[in-house]
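Could you walk me through this structure, one selection at a time? I have it open in my viewer and would like to know what to click on and what I will find there.

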Amino acid sequence: MNRKETRRAIPDQWLEPVPIHDWFDSIQNLEIDLGCGNGRFLLERATQHPGINFLGIERQLKRVAKIDHRAIKRNIRNIRLWRVEGDYAMRYLVPKHSISTCYIFFPDPWPKKKHAPKRIMNAGFLKVLHRSLQSRGQVHFATDHLPYFFDAVQAIQGTGLFEEITPFCPTEAERTDFELHFLAHKPIGRYSFHKKT
Ligand SMILES: C[S@@+](CC[C@H](N)C(=O)[O-])C[C@H]1O[C@@H](n2cnc3c(N)ncnc32)[C@H](O)[C@@H]1O
């Protein structure tokens, strides 16, 4: 194939998910940190688990750039980053049945009732999440906003697609600034679940 041909857009592939596994040095389980913020959890987790690949998804460019810089500096080879809106990424870019674990820690709570439909943990997103998970794939959710917590748990249980598992608790080193701030000020709701089949 010459250079011109390799650059040509192929219409059949325009709507294909991204072959994310090919972007890593080796094929191994893939975990996603959705809304990874300053990346403290992601960087620590990836360092401690070199046998797992990690994808951080975050919409703020500065945060993504900071994580990238730190990952390069520390020679952490099992992290890739997407600067993209989380729902869009999970819906269109992440391949079906491709992820073993998804972390959703302290997503924007949209506390006003009229804004609640903007929350990421809604019925539509949960179907998308289910499709992207491998069999028995896990999701770990945490929020400091208890109304959001209870609504999300109700939505998760209402799908009939998941089973509750022991809540995930990050180690001391994995705690982000957000988590430390919330821990000091309010109760945190944690809920973990896995795909039934
Ligand atoms: C409160 S912070 C929590 C960050 C991190 N998960 C933690 O526990 O420290 C929420 C993060 O999610 C990002 N975010 C919010 N909505 C998002 C979306 N729809 N898609 C991607 N990132 C999003 C924000 O930019 C922010 O960095």
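Here is a short tour of this predicted model, stop by stop.

**Stop 1: the ligand**

The ligand has 19 residues around it, and the closest are Gly 35, Gly 37, Gly 86, Phe 105 and Thr 176. Now colour strand 2 (53-58), helix 4 (86-93) and helix 7 (177-185): these are the elements that give two or more residues to this shell. If you colour the shell by residue type, you will find 7 nonpolar, 5 polar and 7 charged residues.

**Stop 2: strand 1 and Glu 31**

Next, select strand 1, residues 30-34, and pick out Glu 31 within it. Is Glu 31 buried or exposed? Glu 31 counts as buried because it has 23 C-beta neighbours inside 10 Å, and 20 or more are enough for that label. Show its contacts too: leaving aside residues up to four places away in sequence, Glu 31 touches Ile 52, Phe 54, Ile 99, Ser 100 and Thr 101. Then draw a distance from Glu 31 to Cys 102. Their C-alpha atoms are separated by 5.7 Å, although the two residues are 71 places apart along the chain.

**Stop 3: two loops with a positive phi**

Move on to the loop between helix 4 and strand 4 (99-105), where you will find His 97. His 97 is not a glycine, yet its phi is positive, at about 50°. It has 14 other C-beta atoms within 10 Å, so His 97 is partly exposed.

Now go to the loop between strand 4 and helix 5 and select Phe 106. Phe 106 is another residue other than glycine with a positive phi, near 55°. With 19 other C-beta atoms within 10 Å, Phe 106 is partly exposed, because the buried label takes 20 or more.

**Stop 4: helix 3**

Select helix 3, residues 61-73. Its 13 residues reach 18 Å from the first C-alpha to the last, close to the 18 Å expected at 1.5 Å a residue. Just after helix 3, click on Asn 75, which takes a positive phi of about 55°.

**Stop 5**

Which residues of helix 6 are buried? They are Tyr 148, Phe 149, Ala 152 and Ile 156. Look down the axis of helix 6: these residues cover an arc of only 100° around it, which means that they sit on the same side. On the face turned away from that buried side, look for the exposed residues Gln 154 and Gly 158. Then step just past helix 6 to Gly 160, where phi is positive, at about 70°.

What covers the buried residues of helix 6? The cover includes helix 5 (123-132), strand 5, strand 6 and strand 7.

**Stop 6: the strands around strand 7**

Finish with those strands. Strand 7, residues 189-195, pairs with strand 5, residues 133-143, in the antiparallel sense over 6 bridges.

Definitions and conventions:
Residues are numbered from 1 along each chain as its sequence is written. This is a predicted model: local features need pLDDT of at least 70, side-chain atom pairs count only at pLDDT 80 or more; totals for chains, interfaces and linings use all residues. Two strands pair if DSSP finds at least two bridges between them. Helices (H or I, at least four residues) and strands (E, at least two) are DSSP runs, numbered from the N terminus. A residue is near a molecule or strand if its C-beta atom, placed from the backbone, lies within 6 Å of it. Ala, Val, Leu, Ile, Met, Phe, Trp, Tyr, Cys and Pro count as nonpolar, Asp, Glu, Lys and Arg as charged, and the others, Gly among them, as polar. A residue is buried if 20 or more other C-beta atoms lie within 10 Å of its own, exposed if 12 or fewer, and partly exposed in between; C-beta atoms are placed from the backbone. The arc is that of the directions from the helix axis to the C-beta atoms. Two residues are in contact if their C-beta atoms, placed from the backbone, lie within 7 Å. The expected span of a helix is 1.5 Å times one less than its number of residues.
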